[in-house]
Amino acid sequence: MSGLPFHRRHDVRLALRYVVAVALVLVFVFPIYWLFTMSFKTPDEIFAFPPVWYPRAIQFNNYRVLFKDGDAATVGNSLILATVSTFFAMIFGTVAAYSLARFKTGGENLAVWIISQRMMPPVAIVFPVFLFYVWLGWVDTYVGLIILYTAFSLPYVIWMMRGYIEDIPLELEESALVDGCTRWAVLWKVVLPMARSGLFATAVFTFVFAWNDFLFALVLTRTEVTTYTVQVTHYFGGQSNFWAKIAAMSVLGTIPVFVAVATMQRYLVRGISMGAVKG
Amino acid sequence: MTATAHPDRNFKYWLVSPAIFLLLLIGLFPLAFSLVVSFMRITMLETDTSFAGLVNFTQLFKDSRLWGSLFHTALIIAIALPVELVLGLAMAYLFLDKMPGRQLFVSLLVLPTIISPIVAGATWRLLFDNRYGPINQILGWFAGHPVPALWTVNPNLVYPAIVFCEIWQWTPFMFLILLAALSNVDRSLTEAAEIDGARFWRSFRFIVLPAIWPVMAIAILIRGLDLFRIFDIIWALTEGGPGTMTETISIYTFVQGFRQFETSYTAAIAFLVIVLLTVIVTWAIRRMGLAK
């Protein structure tokens, strides 16, 4: 290729990059395509050999069944649990992060202890928590799971928000204090607006953690607050005729996350990169 | 009152107290609780709360299924983590230079990472189906004859199946973080196009890698921790089977606690896992130079 003039080489390179990019997208998106299209297939199409690559017509029967049987309500449970726990984790986490960032509360030791809580494997937490919740009568309740999700997300929220708050110039807060604002007012009117994009990014990730959780919900729910992730696994088993339900339920549970991420996208890329840089 | 005399002093503690209360409630209290339970002999049938000494802990060392599960976990980490890292880095280089439609490509590529892991596992279970799944069909085109591979049952194929799913879901995460890291490196150093291979490797090794290492190390740590606790994907694909062949430490702990109801013994396992992880993470943080 060295014989080619520079701009030709550049074109060839760009074309090659597109070929590889398209191939990668095909590989990474195909499973999602398969899941989504399966949710619109008829039983005949799902159990066709050789496999059918796209449904002949879009039909919503697989979804209709989920709503008729009430299974779709588990998406509502996931929504309640993830939203409420994100709300509390953001409030408690952000004020704690502010304290750590501005007053160095507890020094570096407290900060390290908090992040070390994030490293605990869920399976090691959920077992003692289960015994504890049986005693409290919190198994299969919203309260139990919301407290667990909130606590489990806190280290992440505190760690991320501490980084964002440290980036805000101290002078702004000082001048607000001089103007006679209370500490709370400074937090509400100066710090939170300044940390807005960080708040959004952190909230989306916190929401997604809670939304995607399976293990905690598997252990701590029975029938009342079953999340959609647990519901999907109820269709596993010997009989393969639940495939349509697996696909439709999965799509129902995936759409809210896709929507959340899509609407917040501009904050997320910054959130990921900054979070990683800050550690 | 002191509260009004020194408003700041109490204010900062008020701010952290709800978070610390919750962390103690969910983190420390159950941990202490399980440590106590691990010295007893409680099973779901037997609520013998007399102290059994170290019985459960000596049992840990004799439990070959436990060590097997730790080995399976290590095996999955050892394969998936390097692949995700290298593939993610290669993809980050591919999309580093501007190209029309780059944003769309990146958005599509990160989709697997947002999906719930249990759904990712379920999706691949459908894809891997020996008769109605598309993977065997596609393999059949290349092989020229039908491929009836039993991906989630055949002992030789279960690990590839799990690792494929894992790599599919989490390579985009590595890709996104490394793309951000590479974008922050001086453009002239990352130009792969105009310089030859040898010079590219030298500049990567001595300039680019040190620049992106802090971010890369954290990405490796995060993924390593997540892989250590891998549960959902395996639960959806194989439930630890065939037999106990793909049982990871999380799966094994779950089975002991909630299928066999060995309450005290599970508490001992959970305690071992926490100690083990603390040691490994501390070592990794020092080793990677992440400690300040």
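Helix 4 (residues 64-94) and helix 11 (residues 197-228) of chain B pack at an angle of about 145°, and their axes lie 9 Å apart. Two packed helices are described by the angle between their axes and the distance between the axes. Axes here are lines fitted to C-alpha atoms, for helices over the stretch in contact, and angles run from 0 to 180 degrees between N-to-C directions. The crossing of helix 4 and helix 11 of chain B is right-handed. A crossing is called right-handed if the near helix is turned clockwise from the far one, and left-handed if anticlockwise, by less than a right angle.

Helix 4 of chain B brings B:T73, B:I76, B:I77, B:A80, B:L81, B:E84 and B:L85 to this contact. Helix 11 of chain B answers with B:I220, B:R223, B:G224, B:L227 and B:F228. Two residues are in contact if their C-beta atoms, placed from the backbone, lie within 7 Å. The residues of this helix pair divide into 8 nonpolar, 2 polar and 2 charged. Ala, Val, Leu, Ile, Met, Phe, Trp, Tyr, Cys and Pro count as nonpolar, Asp, Glu, Lys and Arg as charged, and the others, Gly among them, as polar.

This is a predicted model, in which local features need pLDDT of at least 70 and side-chain atom pairs count only at pLDDT 80 or more, while totals for chains, interfaces and linings use all residues. Residues are numbered from 1 along each chain as its sequence is written, and chains are lettered from A and ligands numbered from 1 in the order in which they are written.

**The two chains**

Chain B has 14 helices and 2 strands. Chain A has 14 helices and 0 strands. Helices (H or I, at least four residues) and strands (E, at least two) are DSSP runs, numbered from the N terminus.

A residue is buried if 20 or more other C-beta atoms lie within 10 Å of its own, exposed if 12 or fewer, and partly exposed in between, with C-beta atoms placed from the backbone.

Along its principal axes, the C-alpha trace of chain A spans about 75 × 75 × 35 Å. The C-alpha atoms of chain B fill a box of roughly 70 × 70 × 30 Å. Take contacts between residues at least 6 apart in sequence. In chain A, 76% of them join residues at least 24 apart. In chain B, 69% of them do.

**Where the chains meet**

The contact takes 70 residues from chain B and 72 residues from chain A. On the chain B side, helix 2 (residues 7-38) gives the largest share, 18 residues. The chain B side divides into 56 nonpolar, 10 polar and 4 charged residues.

Helix 13 (residues 249-258) of chain B is largely enclosed by the rest of the structure, because 8 of its 10 residues are buried. Among them are B:Y252, B:F254 and B:Q256. The buried residues of helix 13 pack against helix 6 (122-136) of chain A, together with helix 4, helix 12 (232-237) and helix 14 (263-287) of chain B.

**Domains of chain A**

Chain A is divided into domain 1 (6-61) and domain 2 (64-278). These bounds come from an automatic or database domain assignment. The C-alpha centres of the two domains lie 32 Å apart. Their contact takes 8 residues from domain 1 and 8 residues from domain 2. Helix 1 of chain A gives the most to the domain 1 side, with 3 residues.

**Backbone details**

A cis peptide bond joins A:F49 and A:P50, with omega about -5°. A:P50 is in the loop between helix 2 and helix 3 (61-69) of chain A. Another cis peptide bond joins B:G241 and B:P242, with omega about 0°. B:P242 sits in the loop between helix 12 and helix 13 of chain B.

A:D140 is not a glycine, yet has a positive phi of about 65°. A:D140 counts as partly exposed because it has 15 C-beta neighbours inside 10 Å. B:F261, also not a glycine, has a positive phi of about 60°. B:F261 lies in the loop between helix 13 and helix 14 of chain B.
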